[in-house]
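I opened a new structure today and wanted to get my bearings. These are my notes, in the order I looked things up.

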Amino acid sequence: KSTDGGKTWRNTGLRDGQQIGGIAVDEKNPDRVFAAVLGHPYGPNTERGVYRTTDGGKNWERVLYFDENTGAIQVAIDPIDPNIIYADMWAGRQGPWENGAWNGKESGIYKSIDGGTHWKKLTNGLPTTEQGLGRIGFCIAPSDHLRLYATVDAGAYGGIYRSDDGGEHWYIVNSDGRFWGRGSDFAEVKADPKNADIVYSASVDAGVQVTVLEKRMQG
């Protein structure tokens, strides 16, 4: 944490998390922060999951956790209602050899409507781990907080998915592998800040993805 514009820094904890997938800061309360802790890349460890601080990092409380193999890769606060929190859990770990990896059953997007105390898994319309679900990357459209997009790594079921009701229901809008095919590496999707129908996805070719995805959704 830095309180002088980045001139000096101090460690606030979560040292054994190793990989911090994302941080979300409450725009109205900078002392309220959520951290997505992914954990060790090559082995199990218990310091994984979603953590919350309400005192600027002096103390951290783990609010979403499953097991030593399931970490959090992303967390976001709803821009309209700060009590609504979304988190992406990823039970993924790399093998000690090239292209060696595995995925676990707790992977998926989770939502809290009480500030991160209780969570439910969002599953309606999204692939399951039995269907090959791996990593998910998601975003909340800044111009419409009920519009969410997700880039889903799931083999034959992979693609860009969309929700119009805060994640309660999802449907696929594009399955072109150029948009999501490097899901375990990138899994980045962003909506235009003013137009919720314009979406950017980073994978093979971002420029082509934006054009094709726009046309597919508008058509």
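**Entry 1: what kind of model**

I noted first that this is a predicted model. I kept that in mind for everything else I wrote down.

**Entry 2: salt bridges overall**

How many salt bridges does a search of the whole structure find? I got nine. As a reminder to myself, side chains of opposite charge can pair when their charged atoms come close. I then picked out some of them to follow up.

**Entry 3: E168 and its partners**

I started with E168, which sits in the loop between β13 (159-163) and β14 (171-174). Which side chain meets E168 at 3.7 Å, N to O? I found K111 there, in a salt bridge with E168. K111 belongs to strand β9 (residues 108-112). The two are 57 residues apart, so I wrote this down as a link between distant parts of the chain. 

K120 forms a salt bridge with E168 as well, and here the closest N and O atoms are 2.8 Å apart. K120 lies in strand β10 (residues 120-122) while E168 is in its loop, so this pair ties together parts that are 48 residues apart in sequence.

Is K111 buried or exposed? K111 counts as buried, because its relative accessibility is 10% and the cut-off for buried is under 20%. E168 is partly exposed, with a relative accessible area of 27%. K120 is also partly exposed, at 40% relative accessibility.

I moved on to R178 and D176. Their side chains meet in a salt bridge, 2.7 Å from N to O. R178 counts as partly exposed at 35% relative accessibility, and D176 does too, at 21%. I noticed that 21% for D176 has to be set against a buried limit of under 20%.

Which residues are linked in a network of salt bridges? I listed R147, R162, D164 and D197.

How many of the five residues of β9 are buried? I counted five of five, and β9 is mostly covered.

Then I looked up what β9 pairs with. Strand β6 (residues 85-90) pairs with β9 in the antiparallel sense, over five bridges. Within that part I noted D88, which stands opposite I109 in β9. β10 is joined to β9 by three bridges, and these two strands run antiparallel. Which residue of β10 is the bridge partner of K111? That is K120.

**Entry 4: an open sheet of four strands**

I turned to an open sheet. Four strands form it, in the order β1-β2-β3-β4, with antiparallel pairing. Which are the edge strands? They are β1 and β4, and each pairs on one side only. Neighbouring strands of this sheet are turned by 25° against each other on average, with direction ignored.

I took a closer look at strand β3 (residues 49-53). β3 is mostly covered, with five of its five residues buried. Strand β2 (residues 29-37) pairs with β3 over five bridges in the antiparallel sense, and V37 stands opposite G49 in β3. Strand β4 (residues 61-64) is joined to β3 by three bridges, and the two run antiparallel. There I noted V50 opposite L64 in β4.

**Entry 5: T8**

My last stop was T8. Where is T8 found? I placed T8 in the segment before β1 (20-26). At 47% relative accessibility, T8 counts as partly exposed, because exposed would need over 50%. Which side chain joins T8 in a polar contact of 2.5 Å? D4 does. Leaving aside neighbours within four places in sequence, T8 is in contact with K1 and S2.

Terms used. Residues numbered from 1 in each chain as written. Predicted model: local features only at pLDDT ≥ 70, side-chain atom pairs only at ≥ 80, totals over all residues. Heavy atoms only, no water. Salt bridge = Lys/Arg side-chain N within 4 Å of Asp/Glu carboxyl O. Buried < 20%, exposed > 50% of the residue type's maximum accessible area, 1.4 Å probe, protein only. Contact = heavy atoms within 4.5 Å. Polar contact = N/O pair within 3.5 Å; in protein donor to acceptor, adjacent residues only side chain to side chain. Pairing = 2+ DSSP bridges. Axes fitted to C-alpha atoms, helices over the stretch in contact; angles between N-to-C directions.
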